[in-house]
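Student: Can we walk through this one together? I'd like to start with the strands, then go to the helices.

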Amino acid sequence: MSRPRVVVAGLGDSGLLTAIRLAGHFDVVGVSARPGLVSGQELGVRLARPDDWARDYWIPFDRFRALDRVRTEHATLSRVDLAGRKLFGQRVTGGELAEDFDALVIATGVTNGFWRRPGYRSSDEVAAQLRADHERLAAARSVLVVGGGAAAVSSAANLALTWPGTRVELCFPGDRPLPQHHTRVWARIARRLDGLGVALRPGHRAVVPDGFACDRITDAPVEWSTGQPASTADAVLWAIGRVRPNTDWLPAEVLDGDGFVRVTAQLKVPGVQRVYAIGDVAATDPLRSSARNRADKLLAHNLRADFAERPLRDYRAPARRWGSVLGNQPDGLEVFAPNGTVFRFPAWSVERVLQPWIVRRGIYRGVRPSPSGD
């Protein structure tokens, strides 16, 4: 007897983990416009140390041992027939993708600035973009980071650390950055930024030009709606959190007013049989926190329970953001709990324990070495 077929639409951070969780119980098909995991995490490390970032956050699908049981399709999505249980797309090699499913997991994420964009990317194109962004910032003698979230803070810190001779300014609209984190988190990060020489500019809300998608590093002066004189820099890094859900392939009836996928507390799309959503695309809570709280385990449990007609579990969102802010640093990694408590991993433990054993073996269930031996 054949197993039910589950299609996972999107194989970013959340979709990949969900596909891995489901692979032992269903016939799983994963659809991605990328040839591997190109994570949206740790923007600062990506820009300042792209080789270090690529080692842990850009991994071809064929290196994930748990994906051996998953058929991956390299395609862009065009539409879905929810009543007819069929997903459609365009294969990057040519020809239409038409995939039947018994259950669908929507994990297509969001577009956010220049580092999280939809559409097809080859391995060569991913590598070229990483190198181009890094070289653009390496050549700058001054960098203006616009935004107050973790991506902006991480970028400012890592750029200042990598290029101490570069003037780095962090401009944000409120009294402090990281407003969705506990105040203890910012208190600790502020000391780090001060030690790195980052100039903090509170109360600066940028005027975003009409039609500008914040999808590139610029060098034009930045105007402020809060009354300050225009600011200039060799490179302007926009990280203002203007996320757009990648849902243009979905019918409007499953979306909320902002285009995110409506879900119940069990991560199910209401009114549709066995359709779920997870990650940044899912309207779980104001922070859309299922992307950062290992909700893949809950979704996999609920999908199995759904087929077995057993009760489903609720997703419980934390009230604040948590996790790493600056990413792995030369002196180790700091991870913050929702209450602001910090846990430090020394550099040796990140390289010898956290990445190889907890992440690659525990979370990803085995990652083959790259051809270069990483």
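Tutor: First, a term: two strands pair if DSSP finds at least two bridges between them. Also, keep in mind that this is a predicted model.

Student: OK. How many bridges join strand 18 to strand 19?

Tutor: There are 2, and the strands run antiparallel. S324 has V335 of strand 19 as its bridge partner.

Student: And how many bridges link strand 19 and strand 20?

Tutor: They pair over 4 bridges, again in the antiparallel sense.

Student: What about the turn between strand 19 and strand 20?

Tutor: The two strands form a hairpin with 5 residues between them. G340 sits in that turn and has a positive phi of about 90°.

Student: Are the faces of strand 19 covered or open?

Tutor: Both are covered. L333 and V335 are buried on one side, E334 and F336 on the other. In a regular strand, side chains alternate between the two faces of the sheet.

Student: Switching to helices. At what angle do helix 3 and helix 4 cross?

Tutor: Roughly 150°, with axes coming within 10 Å. That makes helix 3 roughly antiparallel to helix 4. The crossing is right-handed.

Student: Which residues meet there?

Tutor: P50, D51, W53 and A54 from helix 3 meet L130, R131 and H134 from helix 4. By class, that is 4 nonpolar, 1 polar and 2 charged residues.

Student: How do helix 5 and helix 6 pack?

Tutor: At about 30°, with axes 9 Å apart. V153, A157, A160 and L161 of helix 5 contact I189, L193 and L196 of helix 6. This contact has 7 nonpolar residues, no polar and no charged ones.

Key
Residues are numbered from 1 along each chain as its sequence is written. This is a predicted model: local features need pLDDT of at least 70, side-chain atom pairs count only at pLDDT 80 or more; totals for chains, interfaces and linings use all residues. Side-chain values use heavy atoms; hydrogens and water are left out. Axes are lines fitted to C-alpha atoms, for helices over the stretch in contact, and angles run from 0 to 180 degrees between N-to-C directions. Angles under 35 degrees count as roughly parallel, over 145 as roughly antiparallel, 65 to 115 as roughly perpendicular and the rest as oblique. A crossing is left-handed if the near helix is turned anticlockwise from the far one by less than a right angle, and right-handed if clockwise. Contact means heavy atoms within 4.5 Å. Ala, Val, Leu, Ile, Met, Phe, Trp, Tyr, Cys and Pro count as nonpolar, Asp, Glu, Lys and Arg as charged, and the others, Gly among them, as polar. Buried means under 20% relative accessible area, exposed over 50%, partly exposed in between (1.4 Å probe, protein chains only).
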